[in-house]
Amino acid sequence: MAGMLEEHRNIITSHRADLVKDLEPSKVLNYLFECLDEDDREYVKAQGTRGDRAEELIDMIPRRGPTAFQCFVAALYKRQRHLAIPLIQESGIDISSFEKDNRATKDTRKIKLYTTV
């Protein structure tokens, strides 16, 4: 399996401190079934503290193939949107795909992305 794009690895790395600080792995793990198998999810859950679980998840995602970044961002967008927005803005991912997913899960909240000039 090919790895994650270097650009996406760099984005995760540049936001690592905020992700470790605020990520609640228990909120997003069930949305990562497309990029993490059950053993991966159980391994993350087995880590001692929330911070350890967040670090393990953040370390694991880049090793899970070229679609893992989009999968991770989609999970964040569903459950911890404030963490997804900077990743979406920096990567240039089309937010409309996330909006469609949210409508499908009956999450009708809208978001406006503002770019800084």
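A nonpolar core is a set of buried Ala, Val, Leu, Ile, Met, Phe, Trp, Tyr and Cys residues joined through side-chain atoms within 4.5 Å. In the predicted model described here, the largest such core contains 33 residues. Within this core, Leu32, Leu57, Ile61, Phe72 and Leu76 touch the most other members. Helices α1, α2, α5, α6 (68-79) and α7 (81-91) each supply at least two of the core residues. The largest share is that of α6, which contributes 9 residues. In soluble globular proteins, nonpolar side chains tend to be buried together.

The surroundings of Leu32 illustrate how the core is joined. When residues up to four places away in sequence are not counted, Leu32 is in contact with Arg41, Leu57, Ile61, Cys71, Phe72 and Ala75. Three of these partners, Leu57, Ile61 and Phe72, are themselves listed with Leu32 among the residues that touch the most other core members.

The protein chain as a whole comprises 117 residues, of which 42% are buried. Its secondary structure consists of 8 helices and 0 strands, and the order of elements from the N terminus is accordingly α-α-α-α-α-α-α-α. Of the contacts between residues at least 6 apart in sequence, 68% join residues at least 24 apart. The accessible surface of the chain amounts to about 6,900 Å². Carbon and sulfur atoms account for 49% of that surface.

The packing of one helix pair was examined further. Two packed helices are described by the angle between their axes and the distance between the axes. For helix α4 (residues 38-45) and helix α5 (residues 50-60), the axes come within 8 Å and cross at roughly 150 degrees. Because angles over 145 degrees count as roughly antiparallel, α4 is roughly antiparallel to α5. On the α4 side, the contact is made by Asp40, Tyr43, Val44 and Lys45, and on the α5 side by Arg53, Glu56, Leu57 and Met60. These residues divide into 4 nonpolar and 4 charged, with no polar residue among them.

Apart from residues up to four places away in sequence, His15 touches Pro86, Leu87 and Glu90.

Definitions and conventions:
Residues are numbered from 1 along each chain as its sequence is written. This is a predicted model: local features need pLDDT of at least 70, side-chain atom pairs count only at pLDDT 80 or more; totals for chains, interfaces and linings use all residues. Side-chain values use heavy atoms; hydrogens and water are left out. Axes are lines fitted to C-alpha atoms, for helices over the stretch in contact, and angles run from 0 to 180 degrees between N-to-C directions. Helices (H or I, at least four residues) and strands (E, at least two) are DSSP runs, numbered from the N terminus. Angles under 35 degrees count as roughly parallel, over 145 as roughly antiparallel, 65 to 115 as roughly perpendicular and the rest as oblique. Contact means heavy atoms within 4.5 Å. Ala, Val, Leu, Ile, Met, Phe, Trp, Tyr, Cys and Pro count as nonpolar, Asp, Glu, Lys and Arg as charged, and the others, Gly among them, as polar. Buried means under 20% relative accessible area, exposed over 50%, partly exposed in between (1.4 Å probe, protein chains only). Accessible areas come from the Shrake-Rupley method with a 1.4 Å probe; for residues, only the protein chains shown count as cover.
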